[in-house]
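This report describes the contact between two chains and then the elements of each chain. The sequence and structure are shown first.

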Amino acid sequence: MSEEETDFPIRIRGLTNAFGDFVVHEDLDLDVRRGEILGVVGGSGTGKSVLMRSIIGLQPPVKGDIEVFGHNITQAEPDEVIGVRNRWGVLFQGGALFSTLSVGENVQVPLKQFYPELKQQLLDEISRYKVVLTGLPEDAAAKFPSELSGGMRKRAGLARALALDPELLFLDEPTAGLDPIGGAKFDQLTRELTDTLGLTVFLITHDLDTLYAICDRVAVLADKKVIAVGTIPELLEHDHPWIQEYFNGPRARAASATHERGKALDKHGSEKA
Amino acid sequence: MREWAEYTIEEAGGRATVIITGPLVVSSIGKLDPELRGITDSIQAIDISEAGPIDTVGAWIVFRFSQRTGADIVGASEQAEVLLDAVESAESDAEVSPYRRQTLGRVTEHVGTKVIEFMGGVRSSVAFLGAILIAMASLAIHPRRFRVKALVRQMELVGVSSLPIIGLMSFLIGIVIAQQGAVQLQQFGAETLTVNLVGRITMRELGVLMTAIMVAGRSGSAFAAQIGTMKLTEEIDAMRTIGVSPMEALVIPRILAAVLMMPLLGFYASCIAIIGGAVIGDVMLGIPFWTFLARVQEVVPTYDFWVGMVKAPVFGLIVAMAGCYQGMQVSGNAEEVGLRTTAAVVQAIFMVIVLDAFFAVFFTEIGWA
């Protein structure tokens with residue numbers, strides 16, 4: 001294991017993605033540090049999801065190198081990619097659960113795929129605690145995805161993404177379509193799991209509350225590149241017009257105020273205690 | 001080479017301790033798990049201080065072991081403590097798979113559901129026919145609401161674009177009938193009757209029947225899949241909220257297109273089949289091509305043409321109705337679209353063949369033999 005691999009689970013250099021003549025990314029660079037939650041923001045159509053799909057190997061890039069755990073994904077042999085696949089988990093926007101399997105069986109699919117030696121009894125136990133760990137009620141394990149609400153489906157998708165205890169977790173708009181309470185709970189869950197399991201998280205979001213609440217750093221996609229990466233105070237210093245508009249818009253100010261108030265309350269509470 | 005987690009039991013001062021070595025992660029505990037389950041001796045402690053990296057699965061196995069045997073967990077690292085707490089709080093004994101019956105119970109249940117579904121299906125398809133009639137009537141009262149463009153578009157899809165495939169199929173069927181018929185009729189020295197055989201059977205039966213089967217496969221399935229997908233993506237609901245009746249916008253144009261195009265396609269198919277027969281007549285039987293065609297005019301009565309033309313729109317109606325009805329029944333997931341599309345084609349072909357048998361008896365009885 002090289003030194004670089006330990007520090008940067010994801011390294012992107014000179015990535016170019018295009019659909020026909022339409023160029024989505026041009027010469028894009030990005031590093032994700034071990035153990036951080038990296039928020040990825042950008043206007044609609046700036047290619048946030050395309051970036052994620054390139055990293056996990058679903059979208060072959062036109063040019064550039066993508067290294068995940070030190071393996072070059074773009075030129076990797078199929079076997080090598082398999083060695084990387086059991087170290088990441090992906091939560092797609094709609095959950096992408098297998099509709100003919102129950103939630104518990106969905107969680108077991110990656111386990112059976114990679115570790116056929118595990119006994120059914122252990123598989124059942126693992127899928128049970130994973131389901132509960134992601135905040136679903138116990139009885140959700142035996143339900144089919146079509147019987148769940150949108151928010152529960154996302155949690156079930158997260159349970160499947162966490163099935164293999166991955167080191168790297170990709171979340172594509174996890175809080176989109178959730179009510180504010182559900183969204184805040186999901187944020188909290190992501191943060192807790194990251195701290196407990198030592199995950200590195202690549203999180204695509206539009207949700208300013210999520211950015212303020214749980215992201216260690218934020219990467220901003222615009223003009224076909226990552227124009228800035230940093231903590232939110234660092235980004236506020238940045239003079240790119242889109243960043244200024246994004247973080248100084250009315251919604252951003254509201255999210256920031258909520259966050260400050262929340263911190264003040266915490267402090268107050270801990271002092272009391 | 002994978003590294004497996006292993007265990008040893010150490011006894012000291014009447015205390016038995018399980019000592020675990022090797023990584024406690026999901027990829028390494030495949031062998032350890034059944035072994036730990038097999039331990040029936042009294043164990044007072046489980047020591048994981050010599051274990052390598054740990055993840056939630058490893059933590060779970062240790063937690064479950066200590067819970068079952070009452071052993072104390074010792075030597076847990078800070079990370080292991082966190083993970084042990086996490087899995088302990090997430091412990092559950094709920095069912096993972098939905099309840100599934102034994103084979104015998106499942107078969108009876110399945111038969112029962114099928115019967116209920118069949119009765120429900122009969123009822124709702126009659127209801128669907130009624131809805132079509134109501135939509136037709138309301139279109140007759142408000143002719144401006146009628147979607148001419150949609151109708152023309154569907155006529156193109158059902159009719160014009162299927163001309164090549166139906167032409168090829170009919171031509172080949174004409175060849176097969178003439179060739180096989182000629183072989184049999186030659187035994188009686190009656191090979192000239194091949195003309196009667198090809199002309200009458202294609203005009204009365206095969207032209208329209210084969211066309212209906214082809215349209216069911218091409219257009220009936222497309223109707224079911226299109227409408228079914230629109231149902232899944234809530235397009236149909238969106239239409240209703242805007243005040244557009246899906247019956248008028250989607251179903252009626254498709255049904256009318258099929259009803260109008262089927263006679264044309266059926267007649268076209270019959271003609272091409274006769275041409276195919278004439279080619280074989282020319283090549284195999286020495287009947288000149290044009291003589292064959294002229295002879296068809298003499299031996300095929302006009303009512304054979306009408307037999308085909310009366311059946312064609314009815315078959316078109318059945319095919320389009322099966323497609324649209326099944327499409328409208330889609331709900332739930334993507335799998336349903338596939339099931340309903342298959343059902344649309346199977347039902348359409350089955351109904352067409354059943355009705356064709358009734359028509360055959362009927363036309364013979366009224367003297368159009």
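In this predicted model, nine residue pairs, both members at pLDDT 80 or more, are in polar contact between chain A and chain B. On chain A, three helices each supply at least two residues of the side that touches chain B: α4 (103-114), α5 (120-133) and α7 (180-197). The largest share comes from α5(A), with eleven residues. Sorted by class, this side of chain A consists of 14 nonpolar, eight polar and ten charged residues.

Two salt bridges are counted between chain A and chain B. Glu125(A) and Arg37(B) meet through their side chains in a salt bridge, with an N to O distance of 3.3 Å. Side chains of opposite charge can pair when their charged atoms come close.

The extent of the interface can be stated in residues and in area. Contact involves 32 residues of chain A and 32 residues of chain B. Between them, the two chains bury about 2,600 Å², and carbon and sulfur atoms account for 62% of it. Of the area that chain A buries against chain B, 22% is supplied by Arg128(A), Tyr129(A) and Thr196(A), more than by any other three residues.

Within chain A, four strands form an open sheet in the order β2-β1-β4-β5, with antiparallel pairing. The edges are taken by β2 (22-32) and β5 (71-72) of chain A; each has a single partner strand, so one side of each is left without a neighbour in the sheet. Strand β1 (residues 10-19) of chain A pairs with strand β4 (residues 63-68) of chain A over five bridges. Arg13(A) has Asp65(A) as its bridge partner in β4(A).

Arg13(A) also takes part in a salt bridge with Asp31(A), in which the closest N and O atoms are 3.1 Å apart. This pair links distant parts of the chain, since Asp31(A) lies in strand β2 of chain A and Arg13(A) in strand β1 of chain A, 18 residues apart. Over all chains, the structure holds 21 salt bridges.

| Glu125(A) | Arg37(B) | 3.3 Å |

Chain B is divided into domain 1 (6-89) and domain 2 (147-365). The C-alpha centres of these two domains of chain B lie 70 Å apart.

Chain B also contains a hairpin of β1(B) and β2(B), with two residues between the strands. Strand β1 (residues 6-12) and strand β2 (residues 15-24) of chain B pair in the antiparallel sense over seven bridges. Glu6(B) has Thr21(B) as its bridge partner in β2(B). In this hairpin, Gly13(B) adopts a positive phi near 60°.

Key:
Residues are numbered from 1 along each chain as its sequence is written. Chains are lettered from A and ligands numbered from 1 in the order in which they are written. Side-chain values use heavy atoms; hydrogens and water are left out. Two strands pair if DSSP finds at least two bridges between them. Contact means heavy atoms within 4.5 Å. Buried area is the accessible area (1.4 Å probe) that two parts lose on being put together, summed over both. A salt bridge is a side-chain nitrogen of Lys or Arg within 4 Å of a carboxyl oxygen of Asp or Glu. A polar contact is a pair of N or O atoms within 3.5 Å; within protein, one must be able to donate a hydrogen and the other to accept it, and residues adjacent in sequence count only if both atoms are side-chain atoms. Ala, Val, Leu, Ile, Met, Phe, Trp, Tyr, Cys and Pro count as nonpolar, Asp, Glu, Lys and Arg as charged, and the others, Gly among them, as polar. Domain bounds come from an automatic or database domain assignment.
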